[in-house]
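This report describes one protein model for a reader who has not seen it before. Please keep the sequence and the structure in view while reading the sections below.

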Amino acid sequence: TLPYTIRLESSRGDKFTNSNIDTTLTGSLIRGNINLTDTLPIENFKFIWTKLDKDGNMDNLWNISHINSGRSIDITHEDILSKAVFKVEILQNKEVI
């Protein structure tokens, strides 16, 4: 069987300087060459976004406020104080992929 891959894309790259941050992050579920998030009904998926701060700690306030953000989230300078890592976990029909 083919493995699943989660693709995380940024509309403006992955490096930002001087608080010039304005991007959209989009998560996709890929299996083989097929983007399942483009071919299956979006209600089959839940996207769980998390943010880690510069020290690798969970930013619980940010994570809670983005619980039902969907497939894409907008990131601005207000989301990043100095450095951050964003992750997405995808559930398909309530099962972790």
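## Aromatic rings

The structure holds two aromatic pairs. Rings of Phe, Tyr and Trp (for Trp, its six-membered ring) are paired if their centres lie within 6.5 Å; planes under 30 degrees apart count as stacked, over 60 as edge-to-face and the rest as tilted. One of the pairs joins Phe 45 and Phe 47, with 6.4 Å from centre to centre and 40° between the planes, and is tilted.

## Basis of the model

This is a predicted model, in which local features need pLDDT of at least 70 and side-chain atom pairs count only at pLDDT 80 or more, while totals for chains, interfaces and linings use all residues. Residues are numbered from 1 along each chain as its sequence is written, and side-chain values use heavy atoms, with hydrogens and water left out.

## The sheet of β4, β6 and β7

Strands (E, at least two residues) and helices (H or I, at least four) are DSSP runs numbered from the N terminus, and two strands pair if DSSP finds at least two bridges between them. Three strands form an open sheet with antiparallel pairing, in the order β4-β6-β7. Because β4 (45–52) and β7 (95–96) each have a single partner strand, they stand at the edges, and one side of each is left without a neighbour in the sheet.

β4 pairs with β6 (residues 85–92) in the antiparallel sense over eight bridges. Among the bridge partners are Leu 52 with Val 85, Lys 51 with Phe 86 and Ile 48 with Glu 89. Six of the eight residues of β4 are buried, and the strand is mostly covered.

## Pairings of β2

β2 (22–31) takes part in several pairings. With β1 (4–10) it pairs in the antiparallel sense over seven bridges, and Gly 27 in β2 is the bridge partner of Leu 8. Five bridges join β2 to β5, which run antiparallel; in this pairing Asp 22 stands opposite Thr 76.

β2 and β3 (34–35) also pair in the antiparallel sense, over two bridges, with Arg 31 opposite Ile 34 in β3. Their hairpin has two residues between the strands, and Gly 32 takes a positive phi near 65°. Asn 33 lies in the loop between β2 and β3. Its relative accessibility is 83%, so Asn 33 counts as exposed. The C-alpha atoms of Asn 33 and Leu 2 are 9.7 Å apart, although 31 residues separate the two along the chain.

## Nonpolar core

A nonpolar core is a set of buried Ala, Val, Leu, Ile, Met, Phe, Trp, Tyr and Cys residues joined through side-chain atoms within 4.5 Å. The largest one has 14 residues, of which Trp 49 and Ile 75 touch the most other members. At least two residues of this core come from each of β2, β4, β5 (72–76) and β6.

## Largest pocket

The largest pocket has a volume of about 440 Å³. On a 1 Å grid over the protein atoms alone, a pocket is an open set of points where a 1.4 Å probe fits, with protein on both sides within 12 Å along at least five of seven lines; lining residues have an atom within 4 Å of a point. Grid points are joined across faces, edges and corners, and the volume is the space filled by probe spheres set on the points.

Of the 21 lining residues, Asp 14, Phe 16, Ile 80, Ala 84 and Phe 86 are the closest to the centre of the pocket. β1, β2 and β6 are the elements that give two or more residues to the lining, and β1 gives the most, with three.

Notes. Buried < 20%, exposed > 50% of the residue type's maximum accessible area, 1.4 Å probe, protein only.
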